[in-house]
Amino acid sequence: MKKIKKLEGEGNHYSVPKLYAINSIKKQTEDEYLLRFDVPLEHEPAQFIQVSLLGHGEAPISICSFQDEYFEMSIRAVGNLTRKLCALKKGDKVGLRGPYGKGYPMESLKGNNVLVIGGGCGVAPMRSAIQYLERHRSDFGDVALYFGYRNPKEVLFAEDFNKWKKTFRVHVTVDKAPKSWKGEVGLITELLQKDSFDNTNKVAFVCGPPVMIKFVIALLKERGFNDDQIFLSHERMMKCATGMCGHCMIEGVYTCKDGPVFRYDGVKDLHG
Amino acid sequence: MEKVLKKKALGAFLKKLASFGQVYGPVKTDTVRFEPVSHEKQLCLDEHAWFPVKEFLFPQKQVFFRFDGEKIITEDNVKKAVLFGLRKCDLNAFLINDKLFLEGEHKDLFYEQRRNNLLLVGLYCYHELDEFCFCSSMNLQDYHDIMLYDRGSYYQVKAGTPKGEFFIAHLKDTEAFVPPPTTCSLALPTQEIAHLFEHQAWKEGADSCTSCGHCTNLCPTCLCFTISDDVALDGKGERVAEWDSCQYKEFTEVAGGHVFREKRVDRFKHRIYHKIQYFRERFDMSMCTGCGRCIRGCPEKIHWIHLIGKMTQ
Ligand SMILES: Cc1cc2nc3c(=O)[nH]c(=O)nc-3n(C[C@H](O)[C@H](O)[C@H](O)COP(=O)(O)OP(=O)(O)OC[C@H]3O[C@@H](n4cnc5c(N)ncnc54)[C@H](O)[C@@H]3O)c2cc1C
Ligand code: SF4
Ligand code: SF4
Ligand code: FES
């Protein structure tokens, strides 16, 4: 199948989106919905798309799948636009432009053991990398997934876990849980501490809230990880996604085009 | 070949330029700004224009596209204009802005259309125009379609491009002239300020700053913007881009209310670091042209050149 390289509208300006009908929309949690578009898009895992509704604005949303015939995005309803997007039906049209940014450099990481550590909605872009790993299973060594959520109601992609358990080591924990929860309880760092992993031939993908990232990196460093073995995904305010508007700058780095996935050694000394 | 333009013939030259497009030049009203000119007497050629000419490339508010239901409409920007009397600092601002809008992986075609429809006519500075100019310490390049050098009763005229050549071809030839370099009393001591990031003196500047955004508004190379939708009651609307400022707190606010540059000192530093450190590291040229507008126009009279002077003493 011939893949599409770029979603873009007609006309003469980068800001113009192309309208696509939603092929399926599925409720995932109280606030999160999974949108699928049956478009064979060429992209890197965890690149993002500028998603818009004419009249309601635009937002950067990560691609959370890695498939040939379609792509998916998981959207959390937090504000004006995202709430409207989550209330759409199959067949409704949304504006898309992208993909933008740098995702996980999977090709160059072949041969490694992989540690994937995600918290909250940080899990969405990682799912794209995990689906890549599923499809190129034999190119990688041991793969361990660690996911932390605040409570069982917020667990994203629960239905994927059973499938992933067949090929990867999967650990899911929640900060707090009612008795009915059968899985682990406690912070993700506690869960990681119990595991005796080291840094041999390994890379770690980390995505989640800033506090979580800080603790996870400290732990990885303790276990001997070098800075160039760690990949982080950053979230910043974005408007243009093309390196022009200035909103996403961390010092001189543009999150929209140099990231959102960064190798830790390149960004660890940046302020803000 | 270099040319001679008698000052008496300036009016006729403006008319000649007008065959390219509407001529804009520095005009003094409440302050000096670029306005349409039809007569040389309107020009104010001995003061710095308070406002830069960046809106000729990227207007304060512009429509990216209009929409009506599912229909999306874009319009071309092909109005031709001549900017007359630009100083070297403002001419260099074009080169700097091009880096972001034309030379990356993505290009802003509206910027390009506007850019290609301008004729840039400069007026050389031998000295600073006022105490806020510091261009002589900023390694500016020679860049113009046409440049005028005041030589008393006449202007020596040079073309920098074939486009400029065309508009001076009719003038009388003269011998080449090497202008003395511009001198300014004020100077930025160094563009290398990475090691000063934690310096206490930044706080001094930031403490008087009110985050009003005048500095970014007046800067010829501050073109950060936001994008939003304007909708009318009938459902028709437009996606618009408007200048924004890194000095505003909301500039880096994300979902959940987190602000990355929450502290004023971080915003204050970000502007200056972007201007003379970050941009230079990426593009090998400073983003600051030394025009002095951000100091000239700061209501709190914050003088960041003096501040850096203090840190590097
Ligand atoms: C690279 C990247 C990938 C992302 N991936 C996802 C994803 O997969 N799923 C998901 O649900 N969300 C994702 N987000 C966050 C998402 O873009 C914001 O939640 C969304 O922009 C909020 O828009 P809104 O109109 O609904 O909210 P608003 O009503 O505009 O405001 C809600 C909050 O969101 C902040 N916000 C507004 N616009 C942006 C913006 N352009 N970028 C960041 N924050 C903004 C506001 O400051 C405010 O605090 C991603 C963000 C980035 C930068
Ligand atoms: S003009 Fe002066 S007071 Fe206003 S934001 Fe800039 S530095 Fe601060
Ligand atoms: S930072 Fe100040 S001096 Fe430098 S170009 Fe901008 S307005 Fe001019
Ligand atoms: S989002 Fe505009 S510069 Fe990155």
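**Notes on a predicted two-chain model**

Q: Where does Pro260(A) lie?
A: Pro260(A) is in the loop between helix 7 (255-258) and strand 16 of chain A. Helices (H or I, at least four residues) and strands (E, at least two) are DSSP runs, numbered from the N terminus.

Q: What kind of peptide bond joins Gly259(A) and Pro260(A)?
A: A cis one, with omega about 10 degrees. Most peptide bonds are trans, and most residues other than glycine have a negative phi.

Q: What should I know about the model and the numbering?
A: This is a predicted model, in which local features need pLDDT of at least 70 and side-chain atom pairs count only at pLDDT 80 or more, while totals for chains, interfaces and linings use all residues. Residues are numbered from 1 along each chain as its sequence is written, chains are lettered from A and ligands numbered from 1 in the order in which they are written, and side-chain values use heavy atoms, with hydrogens and water left out.

Q: Back to the prolines. What is the peptide bond from Gly98(A) to Pro99(A)?
A: That bond is also cis, and its omega is near 0 degrees. Pro99(A) is found in strand 7 of chain A.

Q: Is strand 7 of chain A, residues 93-100, enclosed or open?
A: Largely enclosed by the rest of the structure, because 7 of its 8 residues are buried. Buried means under 20% relative accessible area, exposed over 50%, and partly exposed in between (1.4 Å probe, protein chains only).

Q: How many bridges join strand 1 of chain A to strand 7?
A: There are 4 bridges between strand 1 (residues 18-21) and strand 7 of chain A, and the two run antiparallel. Ala21(A) has Lys93(A) as its bridge partner in strand 7. Two strands pair if DSSP finds at least two bridges between them.

Q: And how does strand 4 of chain A run relative to strand 7, parallel or antiparallel?
A: Antiparallel, with 4 bridges joining strand 4 (residues 48-53) of chain A to strand 7. Ser52(A) stands opposite Gly95(A) there.

Q: What is the strand order in the open sheet of 7 strands in chain A?
A: The order is 11-10-9-8-12-13-16, with mixed pairing. Strand 11 (184-185) and strand 16 (261-263) of chain A are the edge strands, since each pairs on one side only.

Q: In which sense do strand 8 and strand 12 of chain A pair?
A: Strand 8 (residues 113-119) and strand 12 (residues 202-207) of chain A pair in the parallel sense, over 6 bridges.

Q: New topic. Which chains surround ligand 1?
A: Residues from chains A and B do, so the site is shared between chains. A residue counts as near a molecule if one of its heavy atoms lies within 4 Å of it. The shell has 22 residues, and the closest are Pro60(A), Arg76(A), Thr82(A), Met238(A) and Val254(B).

Q: Which strand gives the most to that shell?
A: Strand 5 of chain A, with 4 residues.

Q: What lies 2.8 Å from a nitrogen atom of ligand 1?
A: A backbone N or O atom of Ser74(A). An oxygen atom of ligand 1 is 3.0 Å from a polar backbone atom of Asn80(A), and a backbone N or O atom of Leu81(A) lies 3.1 Å from an oxygen atom of ligand 1.

Q: Which residues around ligand 3?
A: Among them are Phe134(B), Lys275(B), Cys288(B), Cys291(B) and Cys294(B).

Q: Is Gln62(B) buried or exposed?
A: Buried, with a relative accessible area of 3%. Gln62(B) sits in strand 4 (residues 61-68) of chain B.

Q: What is phi of Ala241(A)?
A: Near 70 degrees, a positive value in a residue other than glycine. Ala241(A) is buried, with a relative accessible area of 2%.

Q: And Asp284(B), buried or exposed?
A: Exposed, at 70% relative accessibility. Asp284(B) has a positive phi of about 65 degrees although it is not a glycine.

Notes:
A polar contact is a pair of N or O atoms within 3.5 Å; within protein, one must be able to donate a hydrogen and the other to accept it, and residues adjacent in sequence count only if both atoms are side-chain atoms.
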